[in-house]
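Student: I have a new model to go through and I'd like to ask about it bit by bit. Could we look at it together?

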Amino acid sequence: MSAAQSSYADLISEDLYIGGWRAGTSQGSATTVNPFNDEPIATIRQASQEDVDAAYEAAADAQREWAALPPKERGAVLNRAADWIEENQGAIIELIRAESGSSALKATVEAGLAVGSLREATTFPTRITGQILPSNTPGKTNYVFREPLGVVGVISPWNFPFTLSMRSVAPALGCGNAVVLKPASDTPLTGGLLLAKIFEAAGLPAGVLNVVVGAGSEIGDYFVEHPTPRLISFTGSTPVGKGVGRTAVGGEHIKKVALELGGNAPFVVLDDADLDKAVGAAIMGKFLHQGQICMSVNRIIVQAPLYDDFVDAYAKRAASIAYGDQMDDNTIVGPVINDSQLKSVTAKIEQAREEGAREVLAGPIEGRLIAPHVFADVTPEMELFREEIFGPVVGIIKANDESHALELANDTEFGLSSAVYTQDLSRGMRFAREVKAGMTHVNDITVNDEAHVMFGGEKNSGLGRFNGEWAIEEFTTDHWVSVSEGTDQFPF
């Protein structure tokens, strides 16, 4: 066992968490590995459909008692969970790095974001409010209560597994729901079983959070179509998310969905931008976690007067990025998560070459390591412009003027995050409000997430909103209760 492994050994479980720790009952097992060297981390007996039934049953049985606790007690559990993460931050960061291929920087940010989600959710039990409304019927009063949904199903991704699981789990619990969590198969520990350990240590009652680890082919559709959950919160690709939405809304048991899906984030550099600052932001926004973030800079759109200087400066800066073993503290770009992702990204590189994009930086590809690749003179017809890359590859596009830059930014089926660089803040605000996206950042990177601020996309980037007041809206439902004096007011 390596020193890094020994630091996080106590965080590893090979059992599922269904009202407590227990082995899965599927015929299959899966081993989660370090994507850099395939070093095994844990082997987990997978969940069967019967395990999914048991998890939802445990959640349904525990939910009412959890919701009935005083707000102070529910908030205290979430606060203790946040405290536990901070007390064990070093080991958690090492596990995130090992399992998801994260650099030290990315894993540290991820742990902090998870704590932020928990601290915000601790306030939810006392922020859930209703309304009292007048009635046209004498002696009658209308009350609208905001109630927990009941049981929430959460499906989380592999790229920011700890944060993106916690971003749904924490507010769902804070609003009085019970949760069944299905993490991605590549990151079952940091996306799922680690959360079970944290909440168990924090004193969350058994059954309120359950974690099932299993193949999508065996339990994926069943998890969504199950009659128990009232909402499915899914974070992942747009094609899979569309399937989740169809199953959840169009199936036998209609339920709410919250979908945070793919992106094609434009990073726009207007002609008055500070070149050095814009280049630095575009480097960070693209290459953090190998570009495997739904908010990663996907297209860099530069107004013509700055275009040539930007391309040269960007390629030079990208060439200096350290890549390699993610467990090396100097590494910025580590391995992509698996062979499927490797194949997808390398295919995009070859396609860009075939389509005539100008390759201004082509680093080596070794195993699952893809060094930064930069293409210039990309056009809207090219795949690099149209598709989400999800790797350390980027295309730069020239815009004739500001109007053309906006047209290019909006020329996509996606609308998650975006950014614009300019020294004129009024100009930046005007431009930002014309971008068809859920989030636009002026003089900042596209990768942004704050636990108290709305998060979500437009178009094929998803449905619903996460964080803060918007999460309360997603994880509760309105219940109209009218109270009448019972007077004789009916004609028959």
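Student: Is Phe390 buried or exposed?

Tutor: Phe390 is buried, having a relative accessible area of 15%, where buried means under 20%, exposed over 50% and partly exposed in between, with a 1.4 Å probe and protein chains only. This is a predicted model, in which local features need pLDDT of at least 70 and side-chain atom pairs count only at pLDDT 80 or more, while totals for chains, interfaces and linings use all residues. Residues are numbered from 1 along each chain as its sequence is written, and side-chain values use heavy atoms, leaving out hydrogens and water.

Student: OK, and how many aromatic pairs are there?

Tutor: There are seven aromatic pairs in the structure, a pair being rings of Phe, Tyr or Trp (its six-membered ring) with centres within 6.5 Å, called stacked if the planes are under 30 degrees apart, edge-to-face if over 60 and tilted otherwise. Trp158 and Phe390 have ring centres 5.6 Å apart and planes at 85 degrees, so this pair is edge-to-face.

Student: Which parts does that pair tie together?

Tutor: Trp158 is in the loop between β7 (151-155) and α7 (161-174), and Phe390 is in the loop between α14 (383-386) and β18 (393-399), so the pair ties together parts 232 residues apart in sequence. Helices (H or I, at least four residues) and strands (E, at least two) are DSSP runs numbered from the N terminus. Trp158 is buried as well, with a relative accessible area of 16%.

Student: Which rings form a cluster?

Tutor: Phe287, Phe310 and Tyr314 are linked into a cluster by ring pairs.

Student: New topic: where is Ser102, and what is it in contact with?

Tutor: Ser102 lies in the loop between α4 (89-100) and α5 (104-121), and its relative accessibility is 0%, so Ser102 counts as buried. Once neighbours within four places in sequence are set aside, Ser102 is in contact (heavy atoms within 4.5 Å) with Ile96, Arg97, Ala107, Glu110, His289 and Gln326.

Student: What about the largest nonpolar core?

Tutor: That core has 79 residues, and Leu118, Phe162, Met166, Leu173, Phe199 and Leu209 are those with the most contacts inside it. A nonpolar core is a set of buried Ala, Val, Leu, Ile, Met, Phe, Trp, Tyr and Cys residues joined through side-chain atoms within 4.5 Å.

Student: Which helix gives the most to this core?

Tutor: Helix α2 (residues 49-68) does, contributing eight residues. Another core of 40 residues lies apart from it, including Phe267, Ile293, Ile300 and Val374.
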